[in-house]
Amino acid sequence: MKLWFNLFTPDPQALLDFYQALLGLPEAVASRSPIYRALETEDFQLGFNARPAYELLGLPERAPALGSVPPVTAYCTFMLDTAEAVSRCAERVADLGGRLIKPPYPTYYGQWQAVLADPQHNVFRLSALGLPAGVPTPAFPLPD
């Protein structure tokens, strides 16, 4: 099985350029259309659908108002090879037009993780198995 995950966007090319610059992923050239761009690996395709896709999918009532920031209802997690790669990408995101929401941090499940937003406000995470040298695994956060 291969996962294809798609984001709606007013500018598919801009999101392709952002994620390609941040993560170094190749474009899925064969999937390119006037309203679609995508990045692809052996395991997944990350696609970017222009506004007309709402109508094509029978979802016109779900399209957000033009210029609004849609709510976060889903997010991607990109599992990178190393904690250092997570930190490097987190440092670069603002230079590429994105935003760092939560800087790299250790999780209670032993991953080094950062929460970010792309230039069109889609939230995503970068994560790697394992923590940087000397960073302890925190305890499970209990509610107050």
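In the predicted model, strand β5 and strand β6, the latter formed by residues 111-117, run antiparallel and are joined by five bridges. Within this pairing, proline 106 has tryptophan 112 of β6 as its bridge partner. The two strands belong to an open sheet of four strands, in which the order is β4-β7-β6-β5 and the pairing is mixed. Because β4 (76-79) and β5 (99-106) each have a single partner strand, they stand at the edges of the sheet, and one side of each is left without a neighbour there. On average, and with direction ignored, neighbouring strands of this sheet are turned by 15° against each other. In general terms, strands of a sheet pair through backbone hydrogen bonds, and they do so in either a parallel or an antiparallel manner.

Helix α3, comprising residues 83-92, lies across β5, β6 and β7 and runs at about 20° to β6.

Strand β2, which covers residues 36-40, is mostly covered, since four of its five residues are buried under the cut-off of 20% relative accessible area.

Individual positions around helix α1 were also examined. Threonine 9 lies in the loop between β1 (3-8) and α1, and with a relative accessible area of 4% this threonine is buried. When residues up to four places away in sequence are not counted, threonine 9 touches Leu15, Phe48, Asn49, Ala50, Arg51 and Gln120. Aspartate 17, by comparison, lies in helix α1 itself and is partly exposed, its relative accessible area being 39%. Between the C-alpha atoms of aspartate 17 and tyrosine 36, which are 19 residues apart along the chain, the separation is 13 Å.

For the protein chain as a whole, three helices and seven strands are found, and from the N terminus on these elements follow the order β-α-β-β-α-β-α-β-β-β. The C-alpha trace spans about 50 × 35 × 35 Å along its principal axes. Of the 144 residues in the chain, 37% count as buried, while the accessible surface comes to about 8,700 Å², with 59% of that surface belonging to carbon and sulfur atoms. Among the contacts with a separation of 6 or more, 51% are accounted for by residues 24 or more positions apart. The chain carries 10 positive and 14 negative side chains, and the centres of these two sets lie 3 Å apart.

Terms used
Residues numbered from 1 in each chain as written. Predicted model: local features only at pLDDT ≥ 70, side-chain atom pairs only at ≥ 80, totals over all residues. Heavy atoms only, no water. Pairing = 2+ DSSP bridges. Axes fitted to C-alpha atoms, helices over the stretch in contact; angles between N-to-C directions. Contact = heavy atoms within 4.5 Å. Buried < 20%, exposed > 50% of the residue type's maximum accessible area, 1.4 Å probe, protein only. Areas by Shrake-Rupley, 256 points an atom, 1.4 Å probe, with all protein chains shown as cover. Lys, Arg positive; Asp, Glu negative; His and termini not counted. Charge placed at Lys NZ, Arg CZ, Asp CG, Glu CD.
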